Amino acid sequence: MESMLNKLKSTVTKVTADVTSAVMGNPVTREFEVGRHIASGGPGLCWRIYNGTKKSTKQEVAVFVFEKKTVDKYPKFEKDQIVDSLKRGVQQLTRLRHPRLLTVQHPLEESRDCLAFCTEPVFASLSNVLGQWENLPSPVPTDIKEYKLYDVETKYGLLQISEGLSFLHSGVKMVHGNLCLENIILNKSGAWKIMGFDFSISSTNPSDAEPKYSCKEWEPNLPPLCLPNPEYLAPEYILSVSCDSASDMYSLGVVMHAVFNEGKPVFQVNKHDIFKSFSRQLDQLSTMSPALLNKIPEEVREHVKMLLSVTPNVRPDADQMTKIPFFDDVGAVTLQYFDSLFQRDNLQKSQFYKGLPKVLPKLPKRVVVYRILPALNSEFVNPDMVPFVLPNVLLIAEECTKDEYVRLILPDLTPVFKQQEPVQILLIFLQKMDLLLTKTPAEDIKSSVLPMVYRALEAPSVQIQELCLNIIPTFANLIEYTSMKNSLIPRIKSACLQTSSLAVRVNSLVCLGKILEYLDKWFVIDEILPFLQQIPSREPAVLMGVLGIYKCTFSHKKLGIPKEHLASKSLPHLVSLSIDNNLNLNQFNSFMVVIREMLSRMEAEHKTKLEQLHVMQEQQRSMTPGQQSEETKSPPSTGNQIDDIFGSTGVNGKENGAAASAPQPNRMSLTLEEKQRLAKEQEQAAKLRNQQPLAPQTMKPANTNNSQTKDLTSSLLNSMTSLNSLSLANSARPAPVQGTTIAAFPSPSPMMGTIGAPVSNGFNPTMGFQTGGMGMGMRPAGPGLYGGMATTTSTPNFGALAQNQGQIGQANKAPDMSALDSLFTPSQPKVTLNQMGPKPTPGTNTPWLNQFGSAQNAQTQMQGASVGMGGMPSGFGMQANPFFSPQNFAQPSAAPSLNQSGIKQSASVNNDLKDLFG
């Protein structure tokens, strides 16, 4: 490893030393930074070519350097001749300006050690490309060694050389005199350029139609760099010392032969005996065999044969060669059109760019990237042409690597991202957004690409907004989460709320639904779902879009909606939307399916939670000693009491017991709030366990003579007497009204006997107070019955009394009040209903008295919390009615039987009690 590093270090040091020594002291280095050695070219490949940059503008250039030490072997006179010849060729090239000639950026500069000048960026000479590597760096650069010319490059390159010769012959009246592979340079974009005007011959009469050229006689004793390449010279140049434009056409024919024959010319020339070699060559050209041109394409073979003709007049001129069918290739024509774009107007350009996508796939990538792409990028300065150029540039970008895209395309594309006019630019970019996000670096995405998307969402054009919303889901996975959350989602919501277009609003909802999977759960719950309730319109498409977002969020395995949000926000919103009059049957059914799914999940989750709490409570109770014995002594649970009181027949004691005894397994975890609430409940339960248990107390029967309980019946009768004293003093007592019953009693049942018989008290047709509390354990099992609670009142029905008073006033008879003297005399002590009732002798069964049971049964019902039909205690109804107190109705336990003689003591009291209780 160390040896490799040392070798690399020595190589770098050597190259640096060579470059430094080559141009040290040359004025070119003042303005240009010289880089590495890349190629060679010019007569005899004597010029070393380096890459470089202009210091002021950082513009890329090629630096041609000729080191004088390479000709130190020659005498000073010959050495000076060589330098003068090279200087003459560069100066002539500098004066000439044409697209087919190598462009000089900085004229020739001479120093003590070298000659140097700068040109446009260069790749290599055609001679290097075809395998002649003299004066190249060691090792030979890989890009030159592996370079292969494509057919389209060869065709268009030869066409460019023909056009260059046409310019020299027709425009400048000049013969190049040394057209060969060394003097054809391939610039960085691949164009073929002519250089090496060291032996060029200008016309002696440039104003005349027929130019004349004076040719120098061949001097074999001169150094090779002072003579043209004899292998590419026309025979007349050597044999008859004459030349004209046809001599260059012969050289073109040899170049075409060499291009198709791996750089080999038609004939090998013995430079020591040049005249004899050319004489032999002349004979061979006169009788040219077909095998000599067998590697040349057939469509151009005949034209090459004509170019190699011995007779100059037979050779086609340069202008004729540019029009041969061989150059009518689609790729060559396309490249030629690009080179003449500056001559076209916008209409012609637009038509050409429209058809270019069909041609680009047929061209080699190297040609497209290095020849066509620069021409396309140069058109971005023309806003009217951008919509026509941009699709082609993005098409090329698809075939480029990421490095090529960043290096060759992105710098020119960045200013276009900011253009808003014409609107087609945004549309084109949006359609290729996946390409841009894939190959553009993250920094440029944030600074250039995403701002363009945001502008599209805020664009005034509905078409652009729709397209943007439709395309965003296709590349949402490539957008950074923070950019999506903080920039993209708010703009989508704003577009949905502020637009007046239904299509934009619906597409906004669809877009949000498609990118939900790239968002986190709580962002959706906090930002997306509340936003749905802000949407003002109620069109069916909008409602279905809202439903879709709810459904995606609810059913997505990564998202989901908590049951608290379902119960408080999601379900109320969906239920209100589901009954919108704009929905049809299928849409309504879609709403109901989602609502049912939400309800089912909410029920299952909450039931699981409650079962978990129940199991934990049961486990906690089992950990406390003596808890089970206390539970057996405690009264039934409050929930069961409520079920019994409200008549919840759908959930009976058996079902509750099954749910408690067989809890379902743990299916969900408790939230932090639920755990805090459970901890508080456990703390409260611990406090309750430390207290003394509340044992039920038995109620002692009230003493008949010394009752401490307030006699509500007597109070009621006294109130009634005081209210009606005036009317009772002047009215006769009406007869008992038959056919009326106590309204508060339910329908007769086997448990109630004849308690529903018609009853009258002599004052009003029906009892003024209702007796829901009389049901005790005898409440019928009806789903609409609420255990006497809802129909029980603690005030008498004075309305019925007022009606009876009117009827009494119409009788005009004085009532007989003697029967009630014992009840309404103020001086008499108050007595209870038990004292007022008849007392039969032991063993005697009175039918109406048996309906109320014995004193022991009554006490059992009041104190033992008797169980009604629902399995729950039914004492709640009696407590609601103050007229039915257990103390008022309980009989003394010491009197198991009633005195029969009590009926004979007061006949009037007995009659009144019969009116009261039937």
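**Exercise 1.** State which residues His176 touches, not counting residues up to four places away in sequence.

*Solution.* With contact meaning heavy atoms within 4.5 Å, His176 touches Leu168, Asn183, Ile194, Met195, Gly196, Phe197, Phe199, Ser200 and Asp248. The model is predicted: local features need pLDDT of at least 70, side-chain atom pairs count only at pLDDT 80 or more, and totals for chains, interfaces and linings use all residues. Residues are numbered from 1 along each chain as its sequence is written, and side-chain values use heavy atoms, with hydrogens and water left out.

Last, His176 has a relative accessible area of 0%, so it is buried (under 20%; exposed is over 50%, partly exposed in between; 1.4 Å probe, protein chains only).

**Exercise 2.** Decide whether Cys215 is buried or exposed, and find how far its sulfur is from the closest cysteine sulfur.

*Solution.* The relative accessible area of Cys215 is 17%, so Cys215 is buried. The closest cysteine sulfur is in Cys243, at 4.1 Å. A disulfide needs two cysteine sulfur atoms within 2.5 Å, so this pair is too far for a bond. By this rule the count comes to 0 disulfides.

**Exercise 3.** Find the relative accessible area of Cys180.

*Solution.* The value for Cys180 is 1%, so Cys180 is buried as well.
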